[in-house]
Every structure is written in structure tokens, then in C-alpha cells.
Amino acid sequence: MGMELRWYREQWVLVTYQMTRKQLQASADLFITQSKWHKIVVVGLVIAIWILYIRLSWPDRDVPQSPRPRPARKSSGSLPHELSDLTHLLYWPLIPGDEGELLASTSPQTSTYCLRGPAQASYALGGSLEAILVARDHRGRPKTHGGDLFRAQLLGPSLKAGVPGDVQDLENGTYLLSFPLLWAGQAQVQVRLIHSSEAVGVLRRIWRDQWATVDFMGYFRGPTGYEEIVTCNINPLLTGKEESTCHYRDEDSGELWFCARPPTLPCDSLVGHSSGQYWNVTTSHEKALLVWNVTDKVLPEGISAIWVAEESNRSLVLPPKQLCRPGIPGPKPSGFYYQGVWHSLSCSSRTFSMVDSILDCLAGHVIHMMGDSTLRQWWEYLRDTVPSLKPMDLHATYQTGPLMAVETTRNIVLHWRAHSWPLRSFRTPVASLHSVVRELGGLAGGPHTVVVLGLGAHFTTFPPSIFVQRLAGIRAAVAALLAREPHTLVVIKLANTGYKSVYGSDWFTLQMNRLLRAAFADLRVAFVDAWEMTSSLALRDSIHPGRLIVRNEVDFLLSFICPT
């Protein structure tokens, strides 16, 4: 009995063992089979994902691709240290207390100036003349603080000569005037009060406290041609609908623009842009400080005409021997007029009085002008002066461009277009408003490429930080252009005199020019000092100077293109 039980136990273990081996083998076969299928599925998925990735990332030549974001330029995007310190760069003497009453403000009728030393029978060519100016209020009392905006000139009317004088504010109500004696013959001092210190205080407050003094219009159009018009500006808070705005960002420059959201149309239906309204930002007292009868007025003559003697049979100071090249330092003053011709004191400027001389200089060049209407005047001067330079009808809004003229026999191309927002203009297509950064980024550059930039007039209605931000992007684009092609000529036109209001005062323009010089100071660019070229002669200020001024500005530009 015991042996049988043992035999059955051994048989049970053997059977169980055989069954277990079969089950294990079956389980193993099943696992291997499943593993093979899993591998096939995984490999298949990897291949499918790889094919999909290649399909999405590889450009399809038959389908146009949208522009990709461009990497930020870390090396050239930062501004010089001088430009980052606006308090130092834009320093202007403060007025103690408030603006006070009108009669206590500086008067052009009672302010006086006289020679610093005794008068001489004649003065030496190449010397200097100094005078002391005492600012007085409307009651004739001397002022005890500075901050007035005076403009001093030394003029030779019969010689069509003139040079800007240097005005040093001693910040105690007196000013030191200095004039270089650059031509032989008669010379006469003239001083103008552009703005009293009290008026400058008003301008400073507006510039500091107002986000804007104008607005703009945005035109939205639906599929059926139906349009809706809203307010636009540089800040969403200025559109009138803070809680509902359309935001626009230039992909190349990062510049921002905002419009109130139209009632029914989508934000991407914006098709047009134009000027809007000028805002009332001054009180009645402030308006009195800026009215015409106390603004831009000539002071009573304080110095009789002087005589400058010739030296070694020379009637002019010796011109600079240095050729006009980008990167040369700018002296003060930067030049003077004689016989209606601008003579640079930084380099040996040339005159281009004959059409052939202009054509010879521009031959083989492509000129890209970008900026405001004062720069468009250069394009117009060349178009009107050179008969063979033919304008092309690009069916664009003339006020904003783009404009183009060509001279096919000499291979000359001349472009001008307005800078983008903010831009005061008639209605113009939004698609035509290209940022300066975008245009510069599309240029290859080279020895036959000339870039001329002229900005300032359209930024006086906003705080200086807006202009600084714009300059930061443009400076980076100019630096990148010069890095990839150093032989490109870049010329910066400074803003000229003209406006005398809270929307565009000469005081604003002075600050703009300080920012322009600081922004490009360490780059190899050339400057055309339109401020001094428009404030050296006894001509009425105009935001759009006359032909004599424009001709000299263009001649100086050509002196950099063709220095010899």
C-alpha cells in the first residue's frame, strides 16, 4: 500500500512537471510572438513619426512659406551708455517754482546783449567774437535763472554768409555768446528768443507727463467693402477703449501699435492709416507763454556790425584737408554759409552745381532714403534737378511712398519711403508702412549702396522714451548692415528747425538730435547737421526748408558718396 502511494505520487509529480514545461513553453512562445509584434509596431511608429517630421520641417517648394521669426541680435541691440542716461543727455536747467505769471517770463523786447570786451576797429579772420546776454522779464527786471532757448547767429547778408553762434547758459539769467569769424567782410550779430524758460517748462511738462498729444485713425474693411474707423496710437490706453484693443507687432523691429477694436470687423482687417486729432494739452496760462508775439522773436540790436579783415589775401578760413568720410568727428559749429554755399568745418565738402557732376557721382549707386518728408525733399530735389532721373509710378500714396526714380544710362536708382508708425499723414495703406528695421534687414549692402535716414519730426508728440526705443531697433539694424558689408555708406540726417508749438517745438527737436547723435556715435556713419544748416542764415524757419537749404544738404550728402 505504501509502495503504491509512493508510485502514484511520483507519477503525479512527473505529469505535473511535464504539464508545467508545456505551459511554460507555450507562455514563452506567446511572449516571443507578442514581443515581435510590439517591436514591429514600435518601429513602425518611429518611422511614421520620422516621415511626418521630415514632411513638416522640409520646405515645400510648391507652397510659399510664411516668414520665420528672426533671432534677436544680442551684440548690437544694446544702446550706448550715453543714450541710456536720458537725465544727463537731455539736461536742461530747471525753473525754480512754477511758471509764474506771463509778465515774469522772459521777454524778447527787454532782454539785451553786448560785447564782452571793448569793440575793435577790425577783427582777425579765424578769431572769435564774444558777447554777454542778459535775459529780462516783461517788466525789464533781470532774470535770476536760466533755461531760455535763445538762438544766436553771425550774419553777412551782402555775402549770403552766416554761422550759428554757441549759446552757453550760465544758469543765472545770463548767457555767453561765442561766434567764430570765418569770412572776411562785414558781420552782424543777431539773437532770437525761440522760447522763454517758462515756455520751455510747459514743453518739458508735456513731454514728461503726456503719453501723446495726437492720435491716429485706423481703417478696417470687411469682405463686402464695408469699413469701420477707430482710434489708434502707440499705447492701448490712448485708443479710447482700453479694455478692447487690437495689438499689432512688427515682426522685424518689435515695434508695437494699438487700435481700438472695431465694432464688428476683426483685428486683421486693418487696411488704412491716417492722422487723427491734435489734443488740447495746455491751459490758458500756458498758451499765453507760447503765443506768436513772444515766440521766435529777434532781440533789439545790441552790437553794431563788425569788420573782419582778410588774412594773406584770404577771405575765408582754410577749409579742412580731411575728405568727407563716415565716422569723422563733428565740430561745433559744423559749418557755415558763404555766397550761399555751405562750407563744412569737419571735412572738405564739395559743390555739385552741374547736372553732369551729380550724375557722375551717383552713377552705379542705389540710394535708399527712409524717414520723414524733410528727407523726401532730397529725393524731390534730385528728381527736379536731374532731367534724366525719371520717377516711376508705383501707384503709391505720394505723401508716404514708396517713391522711386531711375536713370538707366548711369544705372542710378533712388528710393524714398516714410518710416512706419507713428506717422502723421493722409490716409495710406497699412501694407505700405514698412519699419526702417525691416527695410534695412532686406539690404545686402556694399560699396554701391547708400542708406540715408531722417527721423525726428513725427516723434515730438510723444515722450522721449518712444524715440529711444525706435532708435534702439534702428541702431541694431544699422550695426548689422555695416557688419555684413562694411563698405555700405550710412548717412544720418539730423532734424531741422521749423515747428514752434507744443506739438513740434524746436526745443523738442534739439532733444531729438541729441538722441540721434548719441545712438549712432560709436558706429561708422556720416551726419548731415540739418539743424545748423537751417539755423545759420537770416531765413524764416520752415519745417520744409527752401531750395537753397535743400541743395546744400544734398551737396553735403554727395560729398560723402564722392569725396574726391
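How many disulfides does the count come to in this chain? In this predicted model, the count comes to four disulfides. The chain has 564 residues, and buried residues make up 50% of them. Its secondary structure consists of 12 helices and 25 strands. The accessible surface comes to about 28600 Å², and carbon and sulfur atoms account for 58% of that area. Among contacts between residues at least 6 apart in sequence, 75% join residues at least 24 apart.

A disulfide is a covalent bond between the sulfur atoms of two cysteines. When the bonded cysteines are numbered in sequence order, the pairing reads 1-3, 2-4, 5-6, 7-8. One of the bonds is formed by Cys232 and Cys259, whose sulfur atoms are 2.0 Å apart. This pair links distant parts of the chain, with Cys232 in strand E10 (residues 227–233) and Cys259 in strand E12 (residues 256–260), 27 residues apart. The torsion about the S-S bond of Cys232 and Cys259 is about 105 degrees, so this disulfide is right-handed. Cys232 is buried, at a relative accessible area of 1%, and Cys259 is likewise buried, at 0%.

Another disulfide joins Cys246 to Cys267, with an S to S distance of 2.0 Å. Cys246 belongs to strand E11 (residues 245–249), while Cys267 sits in the loop between E12 and strand E13 (270–278), so the bond ties together parts that are 21 residues apart in sequence. Here the torsion about the S-S bond is about -75 degrees, and the disulfide is therefore left-handed. Cys246 and Cys267 are both buried.

A further disulfide is found between Cys361 and Cys562, where the sulfur atoms are 2.1 Å apart. Because Cys361 lies in helix H6 (residues 355–362) and Cys562 in the segment after helix H12 (547–561), this pair ties together parts that are 201 residues apart in sequence. With a torsion of about 110 degrees about the S-S bond, the disulfide of Cys361 and Cys562 is right-handed. Both Cys361 and Cys562 are buried.

The nonpolar interior comes next. In soluble globular proteins, nonpolar side chains tend to be buried together. In this chain the largest nonpolar core has 111 residues, and those with the most contacts inside it are Met369, Leu440, Val478, Phe520 and Ile561. Helix H9 (residues 464–484) gives the most to this core, contributing 10 residues. Beyond its neighbours within four places in sequence, Met369 is in contact with several residues, including Leu375, Trp378, Trp379, Leu414, Val452 and Leu557.

Ala418 is found in strand E21 (residues 412–418) and is buried, with a relative accessible area of 4%. Setting aside neighbours within four places in sequence, Ala418 is in contact with Gly371, Thr400, Leu423 and His434. Ser435 is 17 residues from Ala418 in sequence, and the two are 8.7 Å apart in space, C-alpha to C-alpha.

Charged side chains complete the picture. Side chains of opposite charge can pair when their charged atoms come close. The count of salt bridges in the model comes to 22. In one of them, the side chains of Arg192 and Asp296 meet at 2.8 Å, N to O. Arg192 lies in strand E8 (residues 185–195) and Asp296 in the loop between helix H5 (284–289) and strand E14 (297–298), so this pair ties together parts that are 104 residues apart in sequence. Arg192 is buried, with a relative accessible area of 19%, and Asp296 is also buried, with 17%.

Another salt bridge brings together the side chains of Arg221 and Glu227, at 3.2 Å, N to O. Arg221 is partly exposed, with a relative accessible area of 40%, and Glu227 is partly exposed as well, with 27%. Lys500 forms a salt bridge with Asp506, and their closest N and O atoms are 2.8 Å apart. Lys500 counts as buried at 18% relative accessibility, and Asp506 is buried at 0%. Lys500 and Asp506 also take part in a network of salt bridges that links them with Arg151 and Asp541.

Notes. Residues are numbered from 1 along each chain as its sequence is written. This is a predicted model: local features need pLDDT of at least 70, side-chain atom pairs count only at pLDDT 80 or more; totals for chains, interfaces and linings use all residues. Side-chain values use heavy atoms; hydrogens and water are left out. Helices (H or I, at least four residues) and strands (E, at least two) are DSSP runs, numbered from the N terminus. Buried means under 20% relative accessible area, exposed over 50%, partly exposed in between (1.4 Å probe, protein chains only). Contact means heavy atoms within 4.5 Å. A disulfide is a pair of cysteine sulfur atoms within 2.5 Å. A nonpolar core is a set of buried Ala, Val, Leu, Ile, Met, Phe, Trp, Tyr and Cys residues joined through side-chain atoms within 4.5 Å. Accessible areas come from the Shrake-Rupley method with a 1.4 Å probe; for residues, only the protein chains shown count as cover. A salt bridge is a side-chain nitrogen of Lys or Arg within 4 Å of a carboxyl oxygen of Asp or Glu.
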